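Q: I would like to go through this structure with you, one topic at a time. Shall we begin with how its helices are described?

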Amino acid sequence: MTEPGALPTGHGHPSPEDTMTDLVSDGPVVAHGPLARVAYALGALGLLGATLADSIAVAGRHTGLHLLGSIELVQTMVVLLASSAMLIVTIVGGHASVHMVTERLRAPTAARLARIAALLSAFVFLLFAAGSAWISVELWNGHEQTELLRIPLRWLRLLWTLFALLIAARFLRFAMGKPA
């Protein structure tokens with residue numbers, strides 16, 4: 001029996017309130033394995049590097065010792081941080097999704113639709129990887145770099161391409177019904 005004014009939750013699916021309670025009480029979901037450890041390390045390096053560069057730049061503005069290129073350093077670190085964050089959230093199956101329709105379906109149908117969504121997500125990340133690889137090939141000998149610090153962009157683009165492929169592979173794995 002539902003409370004007056006409560007939304008129906010479908011065939012045995014938890015209500016949004018139950019889901020939020022489960023998320024809070026169970027704590028954070030942590031990815032395990034060597035790939036996750038590398039992603040966590042690169043993400044931590046990116047976060048610490050961006051924080052350090054920006055902190056030094058802000059302190060330098062107040063003391064008169066400017067850190068030239070701090071924005072370039074932060075942008076470089078964001079590539080590490082964002083790439084690893086997307087891979088980790090894919091490993092743990094934590095991408096945002098809306099269940100307004102699927103929560104009203106039978107479990108096998110909802111699972112089939114989830115696999116189709118994973119297949120489409122894999123396709124999107126394969127397109128990202130293909131586009132990034134194409135740009136990398138076109139600009140590899142162009143020695144593209146940042147203006148002040150001359151940070152080479154080819155390696156960052158290559159890293160993103162690799163992470164996009166890893167994310168696509170994880171989505172494909174889920175689409176084929178294999179556990180993460």
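A: One definition is needed at the outset: the expected span of a helix is 1.5 Å times one less than its number of residues. Please also keep in mind that this is a predicted model.

Q: What does that give for α3, and how many residues does α3 have?
A: Helix α3 covers residues 70-91 and has 22 residues. From its first C-alpha to its last it reaches 32 Å, close to the 32 Å expected at 1.5 Å a residue.

Q: What follows α3 and α5 in the chain?
A: Glycine 93 follows α3, and its phi is positive, near 70°. After α5 comes glycine 177, whose phi is also positive, near 85°.

Q: Let us turn to burial. Which residues of α3 are buried?
A: The buried residues of α3 are Ser70, Glu72, Thr76, Met77, Leu80, Ser83, Ser84, Leu87, Ile88, Thr90 and Ile91.

Q: What covers them?
A: The cover over the buried residues of α3 includes α2 (34-63) and α5 (153-175).

Q: How do α2 and α3 cross?
A: Their axes come within 8 Å and cross at roughly 150°. Angles over 145 degrees count as roughly antiparallel, so α2 is roughly antiparallel to α3. The crossing of α2 and α3 is left-handed. By class, the contact of α2 with α3 has 18 nonpolar, five polar and one charged residues.

Q: At what angle do α3 and α5 pack?
A: The angle between α3 and α5 is about 10°, with their axes 9 Å apart. That makes α3 roughly parallel to α5.

Q: Which residues make that contact?
A: On the α3 side they are Thr76, Val79, Leu80, Ser83, Ser84, Met86, Leu87, Thr90 and Ile91. On the α5 side they are Leu156, Leu159, Trp160, Phe163, Leu166, Ile167, Arg170 and Phe171. By class, the contact of α3 with α5 has 12 nonpolar, four polar and one charged residues.

Q: Now α4. How is α4 placed against α5?
A: Helix α4 (residues 107-139) packs against α5 at an angle of about 160°, with their axes 8 Å apart. The two helices are therefore roughly antiparallel to each other. In passing α5, α4 makes a left-handed crossing. The residues of the contact of α4 with α5 divide into 21 nonpolar, four polar and two charged.

Q: Which residues are buried in α4, and what covers them?
A: Ala110, Ala118, Ala122, Phe125, Ala129, Ser132 and Ser136 are buried in α4. What covers the buried residues of α4 includes α3 and α5.

Q: Where is leucine 119, and what is its relative accessible area?
A: Leucine 119 has its place in helix α4, and it is partly exposed, with a relative accessible area of 41%. Leaving aside neighbours within four places in sequence, leucine 119 is in contact with Leu172 and Ala175. The C-alpha atoms of leucine 119 and alanine 175 are separated by 5.4 Å, although these residues are 56 residues apart along the chain.

Q: One last topic, the loop between α2 and α3. What does leucine 67 contact there?
A: Leucine 67 lies in that loop, and at 29% relative accessibility it counts as partly exposed. Leaving aside neighbours within four places in sequence, leucine 67 is in contact with Ala53, Ile56, Ala57 and Leu73. Leucine 67 and alanine 53 are 14 residues apart along the chain, and their C-alpha atoms are separated by 8.1 Å.

Definitions and conventions: Residues are numbered from 1 along each chain as its sequence is written. This is a predicted model: local features need pLDDT of at least 70, side-chain atom pairs count only at pLDDT 80 or more; totals for chains, interfaces and linings use all residues. Side-chain values use heavy atoms; hydrogens and water are left out. Helices (H or I, at least four residues) and strands (E, at least two) are DSSP runs, numbered from the N terminus. Buried means under 20% relative accessible area, exposed over 50%, partly exposed in between (1.4 Å probe, protein chains only). Contact means heavy atoms within 4.5 Å. Axes are lines fitted to C-alpha atoms, for helices over the stretch in contact, and angles run from 0 to 180 degrees between N-to-C directions. Angles under 35 degrees count as roughly parallel, over 145 as roughly antiparallel, 65 to 115 as roughly perpendicular and the rest as oblique. Ala, Val, Leu, Ile, Met, Phe, Trp, Tyr, Cys and Pro count as nonpolar, Asp, Glu, Lys and Arg as charged, and the others, Gly among them, as polar. A crossing is left-handed if the near helix is turned anticlockwise from the far one by less than a right angle, and right-handed if clockwise.
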